[in-house]
Amino acid sequence: MAVMSDIKPTRMELKKTKARLKTATRGHKLLKDKRDELMRNFLQIVRENKALRQKVEKGLAEAMASMANASRLMSPEILEQSLLCPKQGVEVDIQLKNIMSVNIPEYGFRTRTDAAEDIYPYGYAMTSGELDESIDRLSEVFRDMLELARAEKSMQLMAAEIERTRRRVNALEYVMIPQMQDTIRYITMKLEENERSTTTRLMKVKDQILQEAHDFEY
Amino acid sequence: MNGYKIAVIGDRESVMGFRALGIDVFPADEENAKAVFTGVVRAEDPAYAILYITEELTIPLRTEIDALKDELIPAIIPIPSKNGTLNLGMNALNSAVERAVGSNIL
């Protein structure tokens, strides 16, 4: 029996512990619900993340293969030069979305120019078509990469929150609540014991008084 | 929160193409990965919301990356390099599931 330390078996403590037990039980139920809902969202994001990662890995492999082709066809200096001064620029805006008290990011994506051909920062005279192709593919896969970033970060943040919630649920369920129940039982028993001892004491005293008054032996 | 940038860290050949998209590219190898990484992250005043790092380079940076796992910014995403994937991205996914669920259910 695990009784909370520093508890005096009084009626006041009994009342207090009972109130605490009630709060703890309620908290436990709420946290359990929170954990279940988080878990549902989490698994959804994990599935999404898995699909996105496969897509991104495949897309990047293709883009890098055509980049390798381009670098075979062009001298490294020209390749380096062609990509030196990008015309395009990107900025990311972050908005927070709250899922069960976890703030997860949503990325908004802004490009500096809207023209699609601005991703080619070079003239076409010195470069090979493979470079265009590889950059094309990169820009395609990049949309998915942004989505992947969102899914992956959300997944990490939610994993951390689920871990925390799970620990709290377990602490309440297996430590706090049993301890309080034991404490309540301990105090109740102690109080009953006190009551019985008072009754016996009274009986004994009564006997003594009677004996003195009547000089009467039982 | 507006105006963040995106960075890619990796070996020169793998990440060069991203420059054309207007993403900041930081070529690095295993030796200077740590220096480049801390320079890009700048923990007290982050400029980059998303960091893509090639899987090869996440290996020497593991402790640094793990330390930023629970931060909102930056998001650090491993990507395959030109040599193909080492499956580290999928492993990270599995370890996140393990962390949340307590055991691997996938």
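**View 1. The contact between chain A and chain B.** In this predicted model, the contact takes 50 residues from chain A and 37 residues from chain B; two residues are in contact if their C-beta atoms, placed from the backbone, lie within 7 Å. On the side of chain B that touches chain A, at least two residues each come from strand E1 (5–10), helix H1 (12–15), strand E3 (48–54), strand E4 (75–79) and helix H5 (88–101) of chain B. Helices (H or I, at least four residues) and strands (E, at least two) are DSSP runs, numbered from the N terminus. H5(B) gives the most to this side, with seven residues. By class, the side of chain B that touches chain A has 21 nonpolar, nine polar and seven charged residues. Here Ala, Val, Leu, Ile, Met, Phe, Trp, Tyr, Cys and Pro count as nonpolar, Asp, Glu, Lys and Arg as charged, and the others, Gly among them, as polar.

The model is predicted: local features need pLDDT of at least 70 and side-chain atom pairs count only at pLDDT 80 or more, while totals for chains, interfaces and linings use all residues. Residues are numbered from 1 along each chain as its sequence is written, and chains are lettered from A and ligands numbered from 1 in the order in which they are written.

**View 2. H3(A) against H5(B).** Helix H3 (residues 129–214) of chain A packs on H5(B) at an angle of about 25 degrees, and their axes are 7 Å apart. Axes are lines fitted to C-alpha atoms, for helices over the stretch in contact, and angles run from 0 to 180 degrees between N-to-C directions. H3(A) and H5(B) are therefore roughly parallel (under 35 degrees) to each other. A:Met155, A:Gln156, A:Met158, A:Ala159, A:Ile162 and A:Glu163 of H3(A) make the contact with B:Ala96, B:Arg99 and B:Ala100 of H5(B).

**View 3. H1(A) against H5(B).** Helix H1 (residues 11–73) of chain A packs on H5(B) at an angle of about 175 degrees, with axes 11 Å apart. H1(A) is thus roughly antiparallel (over 145 degrees) to H5(B). The residues of H5(B) in this contact include B:Leu93 and B:Val97, and those of H1(A) include A:Phe42 and A:Val46.

**View 4. The open sheet of chain B.** Four strands, in the order E2-E1-E3-E4, form an open sheet in chain B with parallel pairing; two strands pair if DSSP finds at least two bridges between them. Strand E2 (24–27) and E4 of chain B are the edge strands, each pairing on one side only. E1(B) and E2(B) pair over four bridges.

Note on methods. Angles under 35 degrees count as roughly parallel, over 145 as roughly antiparallel, 65 to 115 as roughly perpendicular and the rest as oblique.
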